[in-house]
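The following paragraphs lead the reader through one protein structure, from its overall fold to a single site. Please keep the sequence and the model in view.

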Amino acid sequence: MGGGQGPFKREHSERAQELEKQYSPSRWVIRMKAEDVVNTFVGTGSQATRKARATRRSQLDVPYGDGEGEKMDIYFPDEDSKASPLFLFIHGGYWQSGSKDDSAFMVNPLTAQGVVVAIVAYDIAPRGTLDLMRDQVARSLVFLQRRYPSNKGIYLCGHSAGAHLAAMMLLASWTKHGVTPNLQGFLLVSGIYDLEPLMHTSQNAPLHMALEDAQRNSPQRCLEVTPARPVGPACPVLVVVGQYDSPEFHRQSREFYETLHRVGLKASFQELPGVDHFDIIENLTREDDILTQIILKTIFLSL
Ligand SMILES: N[C@@H](CC(=O)c1ccccc1NC=O)C(=O)O
């Protein structure tokens with residue numbers, strides 16, 4: 001018997017291949033070959049980190065919990081103030097790559113303007129699960145709030161998978177932590193907010209997400225099913241995506257923005273022209289970059 005299975009299988013594998021492509025950010029980069037993209041990104045990040053550590057006062061590997069991987073680097077402006085704004089960055093890498101040691105892109109431009117910058121590490125897969133990572137990010141915020149109780153606001157920024165973890169903090173319940181971090185802004189850059197499609201890609205291999213895991217950890221879904229009442233903090237939430245991010249990444253950002261808006265959060269959406277999934281963050285090493293300027297405006301217009 002022919003016919004039935006063959007076409008179905010082919011159709012299925014074409015869909016799987018398309019999904020794989022949509023969720024492979026390097027394949028949408030036009031400024032260089034896909035295979036060079038991640039190396040360049042990591043190179044830029046580790047160079048920025050070396051420079052930040054050489055030129056800024058810093059505290060490295062500060063533990064925010066008892067776990068081996070529960071560390072953050074904190075970088076300070078020249079003039080010391082007990083009441084500075086804090087900026088916490090969560091790196092991306094599909095919850096399975098990346099580290100704080102190559103993610104200090106924005107330290108120099110932000111500390112130059114008086115912002116304390118923290119770069120958080122978390123246990124990537126396969127060591128960590130999504131539930132653990134989300135708890136680690138929550139505890140890192142609680143730690144910062146306790147360490148700097150008179151801060152002028154905590155601004156939480158994540159890239160890609162890090163934007164997902166940042167977005168999960170909109171749904172966090174702080175009562176069990178005993179302190180509510182003074183969150184004054186979210187910057188979600190080229191993020192993923194619905195994890196279900198990823199279950200069907202190679203990215204899920206180290207993550208082992210089953211449907212319930214994907215759903216429980218999807219801020220898009222969790223906000224959609226939430227009753228129409230105000231959720232989360234009253235602060236601005238900026239959803240940003242690069243022009244050369246894939247159509248699926250554009251869809252995810254737009255739909256998440258729409259949902260944030262619908263549940264009553266102060267959301268805004270911006271597509272940044274001329275940048276892809278990677279240089280959208282690489283360019284944060286520069287003071288005159290458009291996203292650097294957006295971040296500084298978010299911090300200083302709300303003070
Ligand atoms: N293998 C992936 C790598 C990737 O997606 C990535 C790499 C560094 C920082 C963020 C990334 N994406 C999502 O977290 C790619 O195809 O680009």
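In the protein, 76% of the contacts between residues at least 6 apart in sequence join residues at least 24 apart; two residues are in contact if their C-beta atoms, placed from the backbone, lie within 7 Å. The model is predicted: local features need pLDDT of at least 70, side-chain atom pairs count only at pLDDT 80 or more, and totals for chains, interfaces and linings use all residues. Residues are numbered from 1 along each chain as its sequence is written.

The protein contains ten helices and eight strands, which are DSSP runs numbered from the N terminus (helices: H or I, at least four residues; strands: E, at least two). Its C-alpha trace spans about 75 × 45 × 35 Å along the principal axes. Of the 303 residues, 47% count as buried, meaning that 20 or more other C-beta atoms lie within 10 Å of the residue's own, with C-beta atoms placed from the backbone.

Around the ligand lie Ser24, Pro25, Ser26, Val38, Phe41, Gly92, Gly93, Tyr94, Gly98, Ser160 and Ala161, a residue being near a molecule if its C-beta atom, placed from the backbone, lies within 6 Å of it.

Alanine 172 is placed in the loop between helix 5 (161–168) and strand 6 (183–189). Is this alanine 172 buried or exposed? Alanine 172 counts as buried because it has 20 C-beta neighbours inside 10 Å. Leucine 132 is 40 residues away from alanine 172 along the chain, and their C-alpha atoms are separated by 13 Å.

How values were computed: A residue is buried if 20 or more other C-beta atoms lie within 10 Å of its own, exposed if 12 or fewer, and partly exposed in between; C-beta atoms are placed from the backbone.
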